[in-house]
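Okay, everyone, thanks for coming. Let me put the structure up, and then we'll walk through it together.

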Amino acid sequence: MSWDLETAKRYLDLTGDPTDPSDEVIQEALDYVMASVEFFLQRGVALRRQTEVHYRNYGAELILNRYPIQQIHSIEGGPEGEYDIHHERGCLLWVRHPFSGDITVDYTGGYEHLPQPLETAMWQAFMEHWNSINQETGGPPATGGGGVIVGSGDVKSLTVFDAFKVDYDLSLIH
């Protein structure tokens, strides 16, 4: 599989009907999930080129934010000389000279194909997010009208797995 609009439409079982949600709305949901995953992991996972500036570095190792590293395009600042690239860890290691100062690295990093466990978790998050924004599958009512919330408000269930999920005893009456 892949993380793209076509695959999202298959997950949503869309048929090309004119009443189907627009590609733009689906893409926004895909982008939201990707941004959320990258925020929580505190690293980039999607393959793209980016430039990072690292200020006041000291030592022989520089860790980049998007990995695995695919290609280094340019490095400005830092020591002259040979360096090793640890692709999977996302770091550069200068062989002979430690450095101090500012370094700008232009590189391409991230996964061309997401690891299957990560992609599966992202599709699950996408479907959960989609259900929360799509009025036909659980999102807010189309009228935007309010309702009355009833229930005890007590915690109904709590799941911890890798994140958190809390369900409360509430329901909305229109």
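Strand S4, residues 83-86, pairs with strand S5, residues 91-94, in the antiparallel sense, over four bridges. Strands here are DSSP E runs of at least two residues, helices are H or I runs of at least four, and both are numbered from the N terminus; two strands pair if DSSP finds at least two bridges between them. Tyr 83 sits opposite Trp 94 in S5. The two strands make a hairpin with four residues between them, and Gly 90 in the turn has a positive phi of about 75 degrees.

Quick word on the source: this is a predicted model, where local features need pLDDT of at least 70 and side-chain atom pairs count only at 80 or more, while totals for chains, interfaces and linings use all residues. Residues are numbered from 1 along each chain as its sequence is written, and side-chain values use heavy atoms, with hydrogens and water left out.

Now, helix H3, residues 116-133. Which of its residues are buried? Glu 119, Met 122, Trp 123, Phe 126, His 129 and Trp 130, buried being under 20% relative accessible area and exposed over 50%, with partly exposed in between (1.4 Å probe, protein chains only). Looking down the axis of H3, those buried residues fall within an arc of 130 degrees, so they line one face of the helix; the arc is taken from the directions from the axis to the C-beta atoms. Pro 117, Gln 124 and Glu 128 are exposed, on the face turned away from the buried side.

And confidence? pLDDT, the predictor's confidence in each residue from 0 to 100, averages 81 for the protein, with 76% of residues at 70 or more.
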